[in-house]
Amino acid sequence: MAELRYNPLLRDWTMVASNRQHRPHMPKDTCPFCPGSGRVPDHYDVYKYDNDFPVLTPDPPEPDPVQTSLYRTAKSYGKCEVILYSPDHTKTLPELSVDHIVKLVDLWVERFAELEKDPRHQYVLIFENRGEECGVTMPHPHGQIYAYSKMPLKIKQELESCRLHHQETGKCLLCQMNDEEKNFEQRVIVENDHFLAYLPFFTDYPYGVFIVSKQHKTAITDFTADEKRSLAAILRDTTGAMDQLFEKLFPYMMVMHQRPVNGENVEDYYHFHIEFYTPLREKDKIKYYASSEMGAWAATNPQSVEETAPRLREAYRRFLQKEGRLPEGGGA
């Protein structure tokens, strides 16, 4: 079974994909994403791989005949891709060079540009799930891309908030957030020429970093070569800081928020950013997205970001020292 089912309570669509039940856990003696598996090229740096267990497909089957006037169904049209970050099975994002991550950024750009050509796609989501705490079954370094034929509810809400803020103030909401965080300083973790990484005032995760472009741009395809290199660098630095925080592989969900494709023009009020959803609140303690968060969408952060930002900045300093980019005892 593969279809979309309409939720009239939320005016949103649920994706149904029974084939996902059969996703394998990583075999002990082989990995389909490693060179030599026969599933990927024997030599690659980064690589696009069509998902073997997609939620959305370019040629979806007809929905089951269960639709009524209230309970609507639709074809699960779209595309699901896996983006392999490296041929090395044990590498993680902060262990890759900036030059290598630039190749990954270029592949993201290429795939976004290609997927937005399909007029049936409404939104292209680039994301990564990292760590068993986030449900990862294949530890080989990779992310994913979903091209949706229906606009996801959370993105729809965010776009509407940005539109209303621009209508009321004449300002871009994300531009104003950048200014607020730069002025306050204490929640900023990393900064380079073109991007800011900070724990925003309102985030619902103790280490829920946002990476936001300094220039008002709406999609990864808008960036210059220098901006793409800056994005690669800040992704490496931010995830490297996370790994130093508790001196272990730090689980996260990383989601790229960009303009819709094939929809209304949002250039005036929307702004490229990346959001991290981080389930650890301490080294061995999970920040669960539990009943209040899930049932009411009423977020609770167990720690203020003014408490956690200094810890993440200190972890960033340790990452720079580990890299040899900061002398012992030096400040970041």
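Contact is taken here as heavy atoms within 4.5 Å. In this predicted model, helix α1 (residues 98-115) lies across β3, β5 (78-84), β6, β7 (142-148) and β11. Its direction runs at about 170 degrees to β5. Helix α4 (residues 225-245) lies across another set of strands: β6, β8, β9 (195-198), β10 (210-213), β11 and β12 (273-277). Helix α4 runs at about 20 degrees to β9.

The strands belong to an open sheet of nine, ordered β3-β5-β7-β6-β11-β12-β10-β9-β8. The pairing is antiparallel. Strands β3 (47-50) and β8 stand at the edges. Each has a single partner strand, so one side of each lacks a neighbour in the sheet. From one strand to the next, the twist averages 20 degrees. Strands of a sheet pair through backbone hydrogen bonds, either parallel or antiparallel. Strand β6 (residues 123-130) pairs with β11 (residues 252-257) over five bridges, in the antiparallel sense. Isoleucine 126 stands opposite methionine 256 of β11.

Helix α6 has 19 residues. Its first and last C-alpha atoms are 26 Å apart, close to the 27 Å expected at 1.5 Å a residue. Buried residues in α6 are Val305, Thr308, Ala309, Leu312, Ala315, Tyr316, Arg317, Phe319, Leu320 and Gln321. An α-helix has 3.6 residues a turn, so residues three or four places apart point the same way. Just after α6, glycine 324 takes a positive phi of about 80 degrees.

Positive phi also occurs at residues other than glycine. Most such residues have a negative phi. Glutamate 185 has a positive phi of about 70 degrees. This glutamate is found in the loop between α3 (173-184) and β8 (188-191). Glutamate 185 counts as exposed because its relative accessibility, 56%, is over the 50% cut-off. Tryptophan 297 has a positive phi of about 55 degrees. This tryptophan lies in the loop between α5 (291-296) and α6 (305-323). Tryptophan 297 is partly exposed, because its relative accessible area of 46% falls between the 20% and 50% cut-offs.

Definitions and conventions:
Residues are numbered from 1 along each chain as its sequence is written. This is a predicted model: local features need pLDDT of at least 70, side-chain atom pairs count only at pLDDT 80 or more; totals for chains, interfaces and linings use all residues. Side-chain values use heavy atoms; hydrogens and water are left out. Helices (H or I, at least four residues) and strands (E, at least two) are DSSP runs, numbered from the N terminus. Buried means under 20% relative accessible area, exposed over 50%, partly exposed in between (1.4 Å probe, protein chains only). Two strands pair if DSSP finds at least two bridges between them. Axes are lines fitted to C-alpha atoms, for helices over the stretch in contact, and angles run from 0 to 180 degrees between N-to-C directions. The expected span of a helix is 1.5 Å times one less than its number of residues.
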